[in-house]
Amino acid sequence: MPEADLKRIFWVLSLPIITLLFLTTPDCRRKFWKNYFVITFFMSALWISAFTYILVWMVTVTGEILGIPDTVMGLTLLAAGTSIPDTVASVLVARKGKGDMAISNIVGSNVFDMLCLGLPWFIKTAFTNASAPVEVNSKGLIYVTISLNISIIFLFLAVHFNGWKLDQKLGVVCLMLYLGLAIISVLSELGIIGSNRIRGCGV
């Protein structure tokens with residue numbers, strides 16, 4: 001148990017989740033579970049999916065209570081929450097000197113999101129309810145998509161001109177780029193920029 005009082009509180013609150021993960025996910029770092037890394041991988045993916053579902057549900061409810069459009073919640077809280085695993089993975093491999101893997105993880109996660117979007121949409125429109133298309137509640141989707149593509153190109157150019165090194169200067173540039181794109185995207189979804197009609201969660 002941690003010695004600091006605040007850490008003890010967080011430890012007690014997270015103890016049920018820690019216990020559940022300990023009982024269901026083999027720790028392949030230990031010698032006994034070393035050959036069960038495949039099970040560890042799939043169980044980790046399963047729990048990440050479960051926690052992500054809960055996160056989406058909580059963000060949706062919060063948006064409905066506060067009257068915030070679901071697209072804005074998705075661009076801010078939901079995007080930050082679901083990107084934490086990618087961030088942790090990128091930081092870990094970058095600390096090991098594998099900067100190329102960190103960059104590949106950033107781009108690869110966004111490419112994989114295309115499958116994560118396309119597969120459930122295909123199942124819904126092809127098998128569940130073929131007569132009703134999936135409505136995307138976003139008037140600024142085109143602008144956000146263009147901004148995302150520009151940011152990826154800018155990222156590669158920034159890394160290239162920085163000598164293919166990940167340092168503090170590049171981190172500050174990426175942070176400012178994210179803040180700029182996030183602010184402009186949110187303002188676009190709220191109708192402050194452009195003529196988009198504000199729509200709340202579930203509307």
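In which helix of the protein chain is confidence highest, and in which is it lowest? Please then describe the helix with the highest confidence.

Analyst: This is a predicted model, in which local features need pLDDT of at least 70 and side-chain atom pairs count only at pLDDT 80 or more, while totals for chains, interfaces and linings use all residues. Residues are numbered from 1 along each chain as its sequence is written, and side-chain values use heavy atoms, with hydrogens and water left out.

Confidence, given as pLDDT (the predictor's confidence in each residue, from 0 to 100), is highest in H2, at a mean of 86, and lowest in helix H4 (residues 99-128), at 76. For the protein chain, the mean pLDDT is 78, with 89% of residues reaching 70 or more.

Helices here are DSSP runs of H or I with at least four residues, numbered from the N terminus, and H2 covers the 30 residues 37-66. Because the expected span is 1.5 Å times one less than the number of residues, H2 should reach 44 Å, and the 43 Å between its end C-alpha atoms agrees with that.

Along this helix, Thr40, Trp47, Val59 and Gly63 are the buried residues, where buried means under 20% relative accessible area (1.4 Å probe, protein chains only). Just after H2 comes Gly67, whose phi is positive, at about 75 degrees.

Note on methods
Helix = DSSP H or I, 4+ residues; strand = E, 2+ residues; numbered from the N terminus. Buried < 20%, exposed > 50% of the residue type's maximum accessible area, 1.4 Å probe, protein only.
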